[in-house]
Amino acid sequence: REEGRLTGVILDSALEALAAMILPPSNEVIRRRLLGGLTNLRDAGLCGVTDMGLEDSHIQVLRDLDREGALPIAVEGFAWVKPGQSEFPAPHRGNRFALTGVKLFADGALGSRGAALRDPYSDAPLERGLALWDDADLVRVLGETSARGLAPAVHAIGDRAAGQVLDALEVSRVRGARLEHAQILSAQDVAKMRSLGVIAGIQSCHYLSDRSWAPERLGNRLAQAYRWGSLAAAGVPLLMG
């Protein structure tokens with residue numbers, strides 16, 4: 001057992017093992033599902049949506065639908081980029097589909113103890129969560145995707161993950177990136193976000209889903225969680241969702 005990795009490997013990677021045994025859908029199936037879902041959203045009153053994790057096949061189908069004028073509402077997409085990846089899609093701005101950024105996952109979730117913390121979990125002293133990227137690879141990908149005109153958005157829930165992402169943004173000199181969720185931050189992290197021009201992508205509903213276990217996971221570090229007021233006071237832009 002490697003300290004801090006057991007929970008992440010078992011819980012946060014469980015779905016990947018299952019997904020690997022399922023044949024990927026054809027472009028025709030993807031097209032039918034996308035059109036069905038987007039039509040339902042249009043009928044519910046939405047005029048546009050953002051998808052924060054598009055696969056290559058989804059991007060191709062959305063481009064085709066956009067070229068055909070078949071999209072019922074506007075779609076903004078972020079391509080899902082994984083560790084070790086060396087090829088990236090080009091930005092796209094069509095009539096109703098725009099590929100504007102990339103989405104990376106720096107760690108897992110707080111509930112499964114996959115969020116990467118600087119110090120061990122209060123209710124699991126041998127666990128510190130799961131950091132998904134090597135430092136050098138993260139710097140490389142952030143720099144290369146930004147140079148292509150794709151805005152990086154990085155999922156980072158734990159303070160260790162947030163610190164790694166902020167360090168990588170500083171080294172790669174990328175500005176205007178998004179730190180998605182930004183749930184657990186030190187005061188130094190908040191100040192660094194401001195100095196690097198990082199945007200905080202905040203989903204306030206996560207507090208409601210986490211409130212039953214966050215005090216147990218974090219203990220006295222709960223004061224460092226959900227620091228939306230501190231971010232706003234420091235001048236960090238908040239993008240609410």
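These legends go with a set of close-up views of the predicted model.

In this predicted model, local features need pLDDT of at least 70 and side-chain atom pairs count only at pLDDT 80 or more, while totals for chains, interfaces and linings use all residues. Residues are numbered from 1 along each chain as its sequence is written, and side-chain values use heavy atoms, with hydrogens and water left out.

**View 1. W80 and F105 pair their rings edge-to-face.** Rings of Phe, Tyr and Trp (its six-membered ring) pair if their centres lie within 6.5 Å; planes under 30 degrees apart count as stacked, over 60 as edge-to-face and the rest as tilted. The model has three aromatic pairs by this rule. In the pair of W80 and F105, the centres are 5.9 Å apart and the planes stand at 65°. W80 belongs to strand β2 (residues 74-80) and F105 to strand β4 (residues 97-105), 25 residues apart; helices (H or I, at least four residues) and strands (E, at least two) are DSSP runs, numbered from the N terminus. W80 is partly exposed at 31% relative accessibility, and F105 is partly exposed at 28%. Here buried means under 20% relative accessible area, exposed over 50% and partly exposed in between (1.4 Å probe, protein chains only).

View 2. A salt bridge is a side-chain nitrogen of Lys or Arg within 4 Å of a carboxyl oxygen of Asp or Glu, and the count comes to 13. Both partners are partly exposed, E55 at 28% and K82 at 35%.

**View 3. Y207, Y226 and W228 form a cluster linked by ring pairs.** The ring centres of Y207 and Y226 are 5.5 Å apart with the planes at 80°, so this pair is edge-to-face. Y207 lies in helix α8 (residues 205-210) and Y226 in the loop between α9 (214-218) and α10 (228-233), so the pair ties together parts that are 19 residues apart in sequence. Y207 is partly exposed at 39%, whereas Y226 is buried at 15%.

**View 4. K192 and D167 join two helices through a salt bridge.** Their closest N and O atoms are 2.5 Å apart. K192 sits in helix α7 (residues 187-196) and D167 in helix α6 (residues 159-172), 25 residues apart. D167 is partly exposed, at 39% relative accessibility.

**View 5. Buried D137 in helix α5.** Helix α5 spans residues 135-147, and D137 has a relative accessible area of 16%. Leaving aside residues up to four places away in sequence, D137 touches P83 and G84; contact means heavy atoms within 4.5 Å. D137 and Q85 are 52 residues apart in sequence, yet 9.0 Å apart in space, C-alpha to C-alpha.

**View 6. Q203 in the loop between β7 and α8.** Strand β7 covers 199-202. Q203 is buried at 16% relative accessibility. Not counting residues up to four places away in sequence, Q203 touches E180, H181 and G241.
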